[in-house]
Amino acid sequence: MKIQVLDTKEGCGRAAAGKAVEILRDALARKEHVRFVNATGAGQFDFLEALTAAPGIDWSRTEMFHLDEYVGIDPNHPASFRRYLTERLINKVHPGTVHLVDGNAPDLDAECRRLSALYDSAPIDAMFCGIGENGHLAFNDPPADFEAKDSFVLVTMDEACRNQQFAEGWFNSLEDVPTEALTMTIPGMMRAEKIICTVPGQRKAQAVADCLSAKAKVNNMHPASILKNHPEAYVFLDRDSAARLED
């Protein structure tokens, strides 16, 4: 794992996108078809803006997955991750193939099996993600399952995670935040060949310190600490999110 600290959240997003562009261009130069995973959330705004504006990527040769989706939320709801990615990524660059997580599927277990089979069918070249205020990766809240056998599962969201979604302005009240989600698992995420993790903002400072400080142990109460075990995980912070990080 490698950490880079930028002065501003905008700089953080641009630097992370620069590395992501490098990874995608390199993969496209070596192979015909590239597979990547994208996160959502307020912390990804600057990253996605820079990524989608970058030249020199043949998006028609890419296949996109995303990390998670709330259960029971309309795909047109402002908080829907399907809507988020459609507006901020898909409609801008038009990936060749897109696999969206359907939180409205009549059989959620079958939807997890469908996504897992698609995801597991070939290597994943790049994973673009963030870290939650409770240290989660995707919706793998603590204590996260580091040994999950499937790549996508149904989970119950903890209160810290639900409070973050409300505080970021996606919902009118905490009661409106769903209690369940479909999410990629930690083992699924760690199978990506390269990981770009973009984490700006003061509200993420404690999670960054708990998960990524040199003395922090890899443990499932701090899910993002697992990034320490990935040989090509690149973490981009700004001054605010890095404020409590210890050497």
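Phenylalanine 36 is buried, at 0% relative accessibility. In this predicted model, its ring pairs with that of phenylalanine 128: the centres are 5.9 Å apart and the planes meet at 40°, so the pair is tilted. Phenylalanine 128 is buried as well, with a relative accessible area of 0%. Phenylalanine 36 belongs to strand 2 (residues 34–38) and phenylalanine 128 to strand 6 (residues 126–129), so the contact ties together parts that lie 92 residues apart in sequence. Both residues also belong to a cluster in which ring pairs link Phe36, Phe47, Trp59 and Phe128. The count of aromatic pairs comes to 12.

Another of these pairs joins phenylalanine 45 and tryptophan 170 in an edge-to-face arrangement, 6.2 Å centre to centre with 70° between the planes. Phenylalanine 45 sits in helix 2 (residues 45–53), while tryptophan 170 is in the loop between helix 5 (159–167) and strand 8 (180–184); the pair thus links distant parts of the chain, 125 residues apart. Phenylalanine 45 has a relative accessible area of 33% and is partly exposed. Tryptophan 170, at 15%, is buried, because the limit for that class is under 20%.

| Charged residue | Ring | Distance from ring centre |
|---|---|---|
| Lysine 19 | Tyrosine 234 | 4.4 Å |
| Arginine 88 | Tyrosine 84 | 4.4 Å |

Lysine 19 is placed over the face of tyrosine 234, and arginine 88 over the face of tyrosine 84.

Key: Residues are numbered from 1 along each chain as its sequence is written. This is a predicted model: local features need pLDDT of at least 70, side-chain atom pairs count only at pLDDT 80 or more; totals for chains, interfaces and linings use all residues. Side-chain values use heavy atoms; hydrogens and water are left out. Rings of Phe, Tyr and Trp (its six-membered ring) pair if their centres lie within 6.5 Å; planes under 30 degrees apart count as stacked, over 60 as edge-to-face and the rest as tilted. Helices (H or I, at least four residues) and strands (E, at least two) are DSSP runs, numbered from the N terminus. Buried means under 20% relative accessible area, exposed over 50%, partly exposed in between (1.4 Å probe, protein chains only). A charge sits over a ring if NZ of Lys or CZ of Arg is within 6 Å of the ring centre and within 35 degrees of the ring normal.
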